[in-house]
Amino acid sequence: VYVPSETEKERVASHQVLEQIDLVYRMAKRYPNTFEIAKTADDVVRIRKSGKIASLIGMEGGQAIENSLGLLRMYHQLGARYMTLS
């Protein structure tokens, strides 16, 4: 999921991230024979062996956490497993 660095208004970045994470889940649900959400390395191996595409949720842009460790923890609960800082 990606939030442009210009996105600086409070709560705008988090809303964009939540919408994009939702889209990832909706795509996996709509195309269950093609995609599956992976949250661990073991998931990636299992999903790949089943012939599907393992979909990892990563966040581009540290501004998406809006200086909130609570948001970071929430994104992790939603399946995000990595985040770039810029």
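The model is predicted: local features need pLDDT of at least 70, side-chain atom pairs count only at pLDDT 80 or more, and totals for chains, interfaces and linings use all residues. Residues are numbered from 1 along each chain as its sequence is written, and side-chain values use heavy atoms, with hydrogens and water left out.

Visitor: How far apart are the end C-alpha atoms of helix H1?

Guide: Helices (H or I, at least four residues) and strands (E, at least two) are DSSP runs, numbered from the N terminus. Helix H1 covers residues 12–30, which makes 19 residues. The expected span of a helix is 1.5 Å times one less than its number of residues. For H1 that should be 27 Å, and the end C-alpha atoms agree with it, being apart by 27 Å.

Visitor: Which residues of H1 are buried?

Guide: Buried means under 20% relative accessible area, exposed over 50%, and partly exposed in between (1.4 Å probe, protein chains only). In H1, the residues that count as buried are Ala 13, Ser 14, Val 17, Ile 21 and Ala 28.

Visitor: Within what arc do the buried residues of H1 fall, seen down its axis?

Guide: The arc is that of the directions from the helix axis to the C-beta atoms. The buried residues line one face of H1, because seen down the axis they fall within an arc of 100°.

Visitor: Which exposed residues does the face of H1 turned away from its buried side carry, and what covers the buried residues?

Guide: Turned away from the buried side of H1 are the exposed residues Glu 19, Lys 29 and Arg 30. Contact here means heavy atoms within 4.5 Å. The cover over the buried residues of H1 includes strand S1 (35–37), strand S3 (57–59) and helix H3 (69–77).

Visitor: Which residues make up the largest nonpolar core, and which element supplies the largest share?

Guide: A nonpolar core is a set of buried Ala, Val, Leu, Ile, Met, Phe, Trp, Tyr and Cys residues joined through side-chain atoms within 4.5 Å. The largest one has 11 residues: Val 3, Ala 13, Val 17, Ile 21, Ile 57, Met 59, Ala 64, Ile 65, Leu 71, Tyr 75 and Ala 80. At least two residues of this core come from each of H1, S3 and H3. The largest share, 3 residues, is supplied by H1.

Visitor: Which residues does Ala 80 touch?

Guide: Ala 80 is itself one of the residues of the largest nonpolar core. Leaving out residues up to four places away in sequence, Ala 80 touches Ile 57, Met 59 and Tyr 75.

Visitor: Which residue forms a salt bridge with Asp 22?

Guide: A salt bridge is a side-chain nitrogen of Lys or Arg within 4 Å of a carboxyl oxygen of Asp or Glu, and the structure holds 4 of them. With closest N and O atoms 2.9 Å apart, the partner is Arg 26.

Visitor: Which residues do salt bridges that share partners join into one network?

Guide: Lys 52 pairs with Glu 36 at 3.4 Å between the closest N and O atoms, linking distant parts of the chain: the loop between helix H2 (41–49) and strand S2 (53–55), and strand S1. Asp 43 and Arg 46 meet in another salt bridge, 3.5 Å from N to O. These two are 3 residues apart in H2, about one helical turn. Shared partners join into one network Glu 36, Asp 43, Arg 46 and Lys 52.

Visitor: Which backbone nitrogen does the side chain of Asp 43 reach?

Guide: Asp 43 is buried, with a relative accessible area of 18%. A polar contact is a pair of N or O atoms within 3.5 Å; within protein, one must be able to donate a hydrogen and the other to accept it, and residues adjacent in sequence count only if both atoms are side-chain atoms. At 2.9 Å, the side chain of Asp 43 reaches the backbone nitrogen of Lys 39.

Visitor: What is the phi of Asn 67?

Guide: Most residues other than glycine have a negative phi. Asn 67 lies in the loop between S3 and H3 and is exposed, at 82% relative accessibility. Although Asn 67 is not a glycine, its phi is positive, at about 60°.
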